[in-house]
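Subject: Structure handover

Hello,

Here is the structure I promised to pass on. My notes on it follow below.

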There are 2 protein chains.
Amino acid sequence: MKKHNFSAGPSILPREVFEKAAQAVLDFNGSGLSILEISHRSKDFVAVMEEARTLALELLGLTGKGYQALFLSGGASMEFVRVPYNLMTHLGKAAYLDTGTWAAGAIKEAKNFGETVIAASSKADNYTYIPKEYTIPADAGYFHCTSNNTIFGTQMHEFPETGVPVVCDMSSDIFSRALDFSKFSLIYAGAQKNMGPAGTTLIVVKEDILGKTGRVIPAILDYRQHIEKESMYNTPSVFAVYTSYLTLQWLKENGGIAEIEKRNTAKAELLYSEIDRNPLFTGTARAEDRSKMNATFLLEDESHTEKFDKLWKAAGISGLNGHRSVGGYRASMYNAMPLESVQVLVEVMKELEQSV
Amino acid sequence: MKKHNFSAGPSILPREVFEKAAQAVLDFNGSGLSILEISHRSKDFVAVMEEARTLALELLGLTGKGYQALFLSGGASMEFVRVPYNLMTHLGKAAYLDTGTWAAGAIKEAKNFGETVIAASSKADNYTYIPKEYTIPADAGYFHCTSNNTIFGTQMHEFPETGVPVVCDMSSDIFSRALDFSKFSLIYAGAQKNMGPAGTTLIVVKEDILGKTGRVIPAILDYRQHIEKESMYNTPSVFAVYTSYLTLQWLKENGGIAEIEKRNTAKAELLYSEIDRNPLFTGTARAEDRSKMNATFLLEDESHTEKFDKLWKAAGISGLNGHRSVGGYRASMYNAMPLESVQVLVEVMKELEQSV
């Protein structure tokens, strides 16, 4: 039976990426060797790394604008540490927007490095919305935000105009919508949503913001070291980078961000329309802040849980349970998910309505 | 043509591991989903992580001895930082043995954290041997060494008896030979030699040495956080952990470390015998310190380079060039390499001798 994978991450990738990746595990580029056993300094892999870095900047519209793309290890949680190490001076401060679990995780780490101002927080309302009225101190070293909150189903649809460098954790919505990415000084994203498998993190950084803190930075945590070594300071996560490269290629061949955004909008509109129409369901995020990547919703009457769960599982749907910290349901509709899968979910929701 | 992969890392893994890994990329455990698109918190992957952690301790003979096994991201270079963060007190010191490029890298990072004593170094002799006469200060927080030096072809065949905790970077020879692993308080190893693909690092740590520095440790760098979360503090490198698990299973099914050590010894003896017998070649490491994993050697007469390179390439050998920092040749003979591949190399060396 065809599976409809709504997992929040690691998550769905294009089928052709799985096929090419599996082939490379058996034989990479006709070399007679697996991609798992080749040197990261082999000509073929160096080319993959270079093309992946180039493609990432190209898709974001950042080519030739002073940015560098890196594929590092550690996940977004590592960037929670690398960001203050690289950008917060000893006596300086940074401003953070608290919009969810991951934003709060970033804030917690920043506090170990210096004064961390919470510009605004929606925590008191269980992160059901994105704060919009707030002030970013003009003397902050940077402003950090999380563009999409997978757990709470919210997404920033606008970003503040500010004179301080904007750092954004885009782990769960990078490459999903058109933005003026040149407004960000540093973007980071764990691969495992729209870009690739778990195991690598894309960092896009404007070079001129680095080297100003006066801190002694451990080499592996220093963005400048990685830039100097062209993202090969140490052995990269070869397979994860290769698979991310395949996914970025797929995105480019499918029209890039502009085209994928249309598809993502269509999927999200279809699902949110049903959540709003169907009296059995209710969305958890404030409508204006809803995420196009992760729709979070509840059954109005929890006694329908068993029936609903049976129905969606029988339809081949997987990964629909909400995050363990909030419960309910979460439909993650990343780039690679076809509209068809959302249609199947909507049909199931209608089926439940008719059956109760 | 059959390939003989002598790459120093990422490097050869068992063929059956590649086949199982490729299958999982297409369909993991018959789930209808790729291992690249499943949640790391799915039942099947949680089981993989648990079994991999258990198997690592079992193969090292450390079950029930107060150790924890973790699969983290970042590579050995990240452990160069995690080790002093977790083990060096603010006013304390640590002792390091300087046996090569990676040992020196670890030392460089430790110096940012506190007093770093070089117990001994073979740098002045281009790291061609392992220092043996040295004193480890009794008040050192820990003693750090590198068990095998891939670039210089040396390996520690004995470890110092000391009262301070011994920390060992075993990236390039873990699971290759029997040792009393309980003499080590912390072992770390990037997966990409004997264990799996690049993208995860095994850490085996005795729990009672942690939590004593008084430092504020960023969560992602704190071994205790990872232990508490059973190696799932953040999204692990799912595919790299799974492939490492497959390789550890293969090792167990093939007799574990005791059996693989016999094979490794046979391979190393075959190659070193030829290096010593054949007048065209010379080994670069002191004989008593030679590595069974990486044999480094030179042509006595460099004018034979072109001919030798043609011969080994024609025989299907790859990855034989020495590290870019030292030149010459390096034959890496990790666990998964069959004796047959070393025989092919020895035949080529004999062929060169007969042809000049």
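Which residues does L299(B) touch, not counting residues up to four places away in sequence? They are L280(B), F281(B), H304(B), T305(B), F308(B), Y329(B) and L352(B), where contact means heavy atoms within 4.5 Å.

Some ground rules before the rest. This is a predicted model, in which local features need pLDDT of at least 70 and side-chain atom pairs count only at pLDDT 80 or more, while totals for chains, interfaces and linings use all residues. Residues are numbered from 1 along each chain as its sequence is written, chains are lettered from A and ligands numbered from 1 in the order in which they are written, and side-chain values use heavy atoms, with hydrogens and water left out.

L299(B) sits in strand β12 (residues 294-299) of chain B; strands (E, at least two residues) and helices (H or I, at least four) are DSSP runs, numbered from the N terminus. L299(B) has 8% relative accessibility and so counts as buried (buried is under 20% relative accessible area, exposed over 50%, partly exposed in between, with a 1.4 Å probe and protein chains only). G283(B) is 16 residues from L299(B) in sequence and 9.0 Å from it in space, C-alpha to C-alpha.

Next, helix packing in chain B. Two packed helices are described by the angle between their axes and the distance between the axes. Axes are lines fitted to C-alpha atoms, for helices over the stretch in contact, and angles run from 0 to 180 degrees between N-to-C directions.

Helix α8 (residues 305-314) of chain B packs on helix α9 (residues 339-355) of chain B at about 140°, with the axes 10 Å apart. The pair α8(B) and α9(B) is therefore oblique (under 35 degrees is roughly parallel, over 145 roughly antiparallel, 65 to 115 roughly perpendicular, and the rest oblique). On the α8(B) side the contact is made by K307(B), F308(B), L311(B) and W312(B), and on the α9(B) side by L345(B), V348(B), M349(B), E351(B), L352(B) and S355(B). These residues comprise 7 nonpolar, 1 polar and 2 charged (Ala, Val, Leu, Ile, Met, Phe, Trp, Tyr, Cys and Pro count as nonpolar, Asp, Glu, Lys and Arg as charged, and the others, Gly among them, as polar).

Helix α2 (residues 43-59) and helix α6 (residues 238-253) of chain B pack at about 45°, with axes 9 Å apart. α2(B) and α6(B) are therefore oblique to each other as well. Among the residues that meet there are F45(B) and V48(B) in α2(B) and V238(B) and Y242(B) in α6(B). The contact of α2(B) with α6(B) has 13 nonpolar, 1 polar and 3 charged residues.

In chain A, R82(A) belongs to helix α3 (residues 76-87) and is buried, at a relative accessible area of 1%. Its contacts beyond four places in sequence include L72(A), Y223(A) and M78(B).

R41(A) lies in the loop between α1 (15-26) and α2 (43-59) of chain A. UniProt lists R41(A) under "binding site" in an unreviewed entry; its positions use the numbering here, feature names are shortened, and annotations may be inferred rather than shown by experiment. R41(A) is partly exposed, with 35% relative accessible area. Leaving aside neighbours within four places, R41(A) contacts V46(A), M232(A) and R324(B).

Last, some backbone details. The peptide bond from G9(A) to P10(A) is cis, with omega near -5°. N29(B) is not a glycine but has a positive phi, near 55°, and counts as exposed at 52% relative accessibility.

Regards
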